[in-house]
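Dear colleague,

I am passing on the structure below, followed by an account of what was found in it. Please read the notes alongside the model.

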Amino acid sequence: MPATATFPHCLGVVGLMALFPKIRYPLEVHYVDFAKPHGQLAEWVGDDQQSCPQLIFVDRDDSLSAAYSQRAPTGTVHITHTNDILSYLVARFKLPQIHP
């Protein structure tokens, strides 16, 4: 494995934030090392749910996220599937729809 590795599923989320900076700045983004444990991710969602990317709702879920989110064993509400994260961000920030 190369010294630097990337989570391929994160690229779509990173690209969306780069294309629409208005969504990047209201979010608190944490970048984690490729090797597990992935920083605080295990504390928030549990050891067995450390896939990336994830959208974590530390304070609360909102009405838009409820369609995509799940509750981790730790009690943290999060969205774990890339397409669901993208759909949530598009809806939340009223972005143009993603082409299928």
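In this predicted model, three strands form an open sheet in the order 1-3-2, with antiparallel pairing; two strands pair if DSSP finds at least two bridges between them, and strands (E, at least two residues) and helices (H or I, at least four) are DSSP runs numbered from the N terminus. Strand 1 (55-57) and strand 2 (70-71) are at the edges, and each has a single partner strand, so one side of each is left without a neighbour in the sheet. Strand 1 and strand 3 (residues 77-79) run antiparallel and are joined by three bridges, and I56 has H78 in strand 3 as its bridge partner.

Two cis peptide bonds come next. The bond from K36 to P37 is cis, with omega near 0°, and P37 is found in the loop between helix 2 (21-24) and helix 3 (41-45). The bond joining C52 and P53 is also cis, with omega about 5°, and P53 lies in the loop between helix 3 and strand 1.

K94, in the segment after helix 4, has a positive phi of about 55° although it is not a glycine. Most residues other than glycine have a negative phi, and most peptide bonds are trans. At 73% relative accessibility, K94 counts as exposed (over 50%; buried is under 20%, partly exposed in between, with a 1.4 Å probe and protein chains only).

Residues are numbered from 1 along each chain as its sequence is written, and side-chain values use heavy atoms, leaving out hydrogens and water. Local features need pLDDT of at least 70 and side-chain atom pairs count only at pLDDT 80 or more, while totals for chains, interfaces and linings use all residues.
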